[in-house]
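Dear colleague,

Please find below the structure for your records.

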Amino acid sequence: MRLLRGFGKLHQAGCNGPGPDAQPDSPVSPVNVLLVYGTSEGQTRKIARFVSSRLLQSGQKVLTADARESAFIPEPRGFDAVVLAASLHAGHYQRPIIDFVKRNRSAISGKTNAFLSVSLTAAGSAPRDAADLARCVADFVRETGWTPERIHHVAGALRYSTYGLFTRWAMKRIAARRGGPTDTRRDHELTDWDDLAKFIDAFIGTPSATVGAHAQACRSRAPLSGP
Ligand SMILES: Cc1cc2nc3c(=O)[nH]c(=O)nc-3n(C[C@H](O)[C@H](O)[C@H](O)COP(=O)(O)O)c2cc1C
């Protein structure tokens, strides 16, 4: 069936709540999360998979969708929370994400929501990096009319193996200027997974320590199809 053709399309899974081993403060009813992402080279899809799996481990329900599959993405109205993720290319996020947000702006704003901005700049620590990212997000907010409740900047990847000749040369120059990895014979992942996990746990209100316990409770009752 087209809707469940695999990750990158739509994917829904969940756990029916904490099992006997869960901590007393595990959430009783799962939060139903819609997670929509835009990607150009694939790193934001990988990030969305990680977020989805983290949410499932804490007992939430998640539907993950690539913004390009817009015809098959359900309306945010039916969810408790919405997470959008997209990556920067030449200062802009993917058009399908912008269009999705524009179409669903008021429904998204009415939910607990967050925006994951994926970029190379997020790997930097200079004041200029923060200012650049703030400018890109401000443009996104202006264009979509949506002000995310929470914004998290996630360092992406340099996937030299996927770039054409010119892009590889240009990205190598940019990386060199920023003190980033310049070995174009391999790809370089800059994503801080621990930091992202902490953000997601805080977003959903789950203390990090309960995530593992809840995952165990879920596994002991029913096999879940992971992202
Ligand atoms: C052609 C190109 C342009 C990019 N432009 C920017 C940019 O303007 N700012 C930035 O911080 N990162 C930029 N990046 C880095 C990407 O945001 C980073 O590689 C990210 O991991 C891409 O995510 P994706 O694989 O999901 O598309 C660019 C990368 C490429 C290949």
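A residue is called buried here if 20 or more other C-beta atoms lie within 10 Å of its own, exposed if 12 or fewer, and partly exposed in between. With 27 C-beta neighbours inside 10 Å, Ser58 therefore counts as buried. Ser58 is placed in the loop that joins α1 to β3. In sequence Ser58 and Asp201 are 143 residues apart, yet their C-alpha atoms are 8.2 Å apart in space. Please bear in mind throughout that this is a predicted model.

Overall organisation

The chain contains six helices and eight strands. Along the sequence they follow the pattern β-β-α-β-β-α-β-α-β-β-α-β-α-α. Of the 227 residues in the chain, 38% are buried. When contacts between residues at least 6 apart in sequence are considered, 79% of them join residues at least 24 apart.

The nonpolar core

The largest nonpolar core has 44 residues, and those touching the most other members are Val33, Leu35, Val36, Val83, Leu84, Ala85 and Leu116. At least two residues of this core come from each of β2 (32-37), α1, β3 (61-66), β4 (81-87), α2 (95-109), β5, β6 (150-155) and α5 (193-204). The greatest contribution is that of β4, with six residues. Val83 illustrates the packing: leaving aside residues up to four places away in sequence, Val83 touches Val33, Leu35, Val51, Ala114 and Leu116.

The ligand shell

Which residues are closest to the ligand? They are Thr44, Ser87, Ser119, Thr121 and Gly156, out of 21 residues that surround the ligand. Two or more residues of this shell are given by each of α1 (43-57), β5 (112-119), β7 (157-158) and α4 (165-177). By residue type, the shell divides into twelve polar, eight nonpolar and one charged.

Helix α2 bends by about 65° at Arg103. Buried residues in α2 are Ile97, Phe100, Val101, Asn104 and Ile108. An α-helix has 3.6 residues a turn, so residues three or four places apart point the same way. The partners against which the buried residues of α2 pack are β2, β4, β5 and α3.

Helix α3 covers residues 127-144, which is 18 residues. From its first C-alpha to its last, α3 reaches 26 Å, close to the 26 Å expected at 1.5 Å a residue. Just after α3, Gly145 adopts a positive phi of about 80°.

Loop residues

Most residues other than glycine have a negative phi. Ala90 is not a glycine, but has a positive phi of about 50°. Ala90 is located in the loop between β4 and α2. Is Ala90 buried or exposed? Ala90 counts as exposed, because it has 4 C-beta neighbours inside 10 Å.

The loop between β3 and β4 holds Pro74 and also Arg77. Pro74 counts as partly exposed, with 13 C-beta neighbours inside 10 Å. Arg77 likewise counts as partly exposed, with 13 C-beta neighbours inside 10 Å. The C-alpha atoms of Pro74 and Leu34 are separated by 8.6 Å, although the two residues lie 40 residues apart along the chain. For Arg77 and Leu34, which are 43 residues apart in sequence, the C-alpha to C-alpha separation is 9.7 Å.

Asp192 is found in the loop between β8 (188-189) and α5. Asp192 is partly exposed because 14 other C-beta atoms lie within 10 Å. Asp192 and Ala123 are 69 residues apart along the chain, and their C-alpha atoms are separated by 8.9 Å.

With kind regards

Definitions and conventions: Residues are numbered from 1 along each chain as its sequence is written. This is a predicted model: local features need pLDDT of at least 70, side-chain atom pairs count only at pLDDT 80 or more; totals for chains, interfaces and linings use all residues. A residue is near a molecule or strand if its C-beta atom, placed from the backbone, lies within 6 Å of it. Helices (H or I, at least four residues) and strands (E, at least two) are DSSP runs, numbered from the N terminus. Ala, Val, Leu, Ile, Met, Phe, Trp, Tyr, Cys and Pro count as nonpolar, Asp, Glu, Lys and Arg as charged, and the others, Gly among them, as polar. The expected span of a helix is 1.5 Å times one less than its number of residues. A nonpolar core is a set of buried Ala, Val, Leu, Ile, Met, Phe, Trp, Tyr and Cys residues joined through C-beta atoms within 7 Å. Two residues are in contact if their C-beta atoms, placed from the backbone, lie within 7 Å. The bend at a residue is the angle between axes fitted to the seven residues ending there and the seven starting there.
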